[in-house]
Amino acid sequence: MVGLQGRVTGTVGPGLVGEVMVAVRGGAEAFLALPADPGERITVGTQVVVVEYQPPRTVYVAPAYG
């Protein structure tokens with residue numbers, strides 16, 4: 001799971017639990033998402049990389065580019 005890329009479908013940021021779609025097991029699945037940097041806001045449509053996974057459906061993400 002760590003290292004996979006996905007796209008934000010619900011804003012991720014401080015005080016928010018966002019959502020990302022991540023390509024896994026031959027399809028795409030939705031995960032609850034929190035920012036890897038606690039002060040960062042990541043908007044809908046941003047390509048992200050998973051930096052931490054907490055089962056069953058929570059990931060910490062960072063922007064994939066920049």
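**Group meeting: an all-strand predicted model**

I'll start with the core. The largest nonpolar core has 12 residues: Val8, Val12, Val20, Val22, Val24, Phe31, Ala33, Ile42, Val48, Val50, Val59 and Val61. Four strands, namely β2 (18-24), β3 (27-35), β4 (47-54) and β5 (58-63), each supply at least two residues of this core. The greatest contribution is from β2, which gives 3 residues. Please keep in mind that this is a predicted model.

What does valine 12 contact, leaving aside its neighbours within four places in sequence? The list is Gly18, Glu19, Ala33, Leu34, Pro35, Glu40, Arg41, Ile42 and Val61.

Now the overall fold. The protein has 5 strands and 0 helices, and the pattern read along the sequence is β-β-β-β-β. Its radius of gyration is 10 Å, close to the 11 Å that the globule rule gives for 66 residues, so the protein is as compact as a globular protein of that length. The C-alpha trace spans about 30 × 25 × 20 Å along its principal axes.

Some totals next. Of the 66 residues, 29% are buried. If we take contacts between residues at least 6 apart in sequence, 48% of them join residues at least 24 apart. The protein exposes about 3,700 Å², and carbon and sulfur atoms supply 56% of that area. As for charge, there are 4 positive and 5 negative charges, and their mean positions are 7 Å apart.

Next, a few single residues. Threonine 58 sits in strand β5. Is threonine 58 buried or exposed? Its relative accessibility is 19%, and the cut-off for buried is under 20%, so threonine 58 counts as buried. Beyond its neighbours within four places in sequence, threonine 58 touches Phe31, Leu32, Leu34, Glu52 and Tyr53.

Proline 55 and proline 56 are joined by a cis peptide bond, with omega at about 5°. Proline 56 is in the loop between β4 and β5.

Arginine 25 is not a glycine, yet its phi is positive, at about 50°. Why is arginine 25 called exposed? Its relative accessible area is 70%, and exposed means over 50%, so arginine 25 falls in that class.

That is the end of my part.

Terms used
Residues are numbered from 1 along each chain as its sequence is written. This is a predicted model: local features need pLDDT of at least 70, side-chain atom pairs count only at pLDDT 80 or more; totals for chains, interfaces and linings use all residues. Side-chain values use heavy atoms; hydrogens and water are left out. A nonpolar core is a set of buried Ala, Val, Leu, Ile, Met, Phe, Trp, Tyr and Cys residues joined through side-chain atoms within 4.5 Å. Buried means under 20% relative accessible area, exposed over 50%, partly exposed in between (1.4 Å probe, protein chains only). Contact means heavy atoms within 4.5 Å. The radius of gyration is taken over C-alpha atoms; the globule rule is 2.2 Å times the number of residues to the power 0.38. Accessible areas come from the Shrake-Rupley method with a 1.4 Å probe; for residues, only the protein chains shown count as cover. Lys and Arg count as positive and Asp and Glu as negative; His and the chain ends are not counted. The place of a charge is taken as NZ of Lys, CZ of Arg, CG of Asp or CD of Glu.
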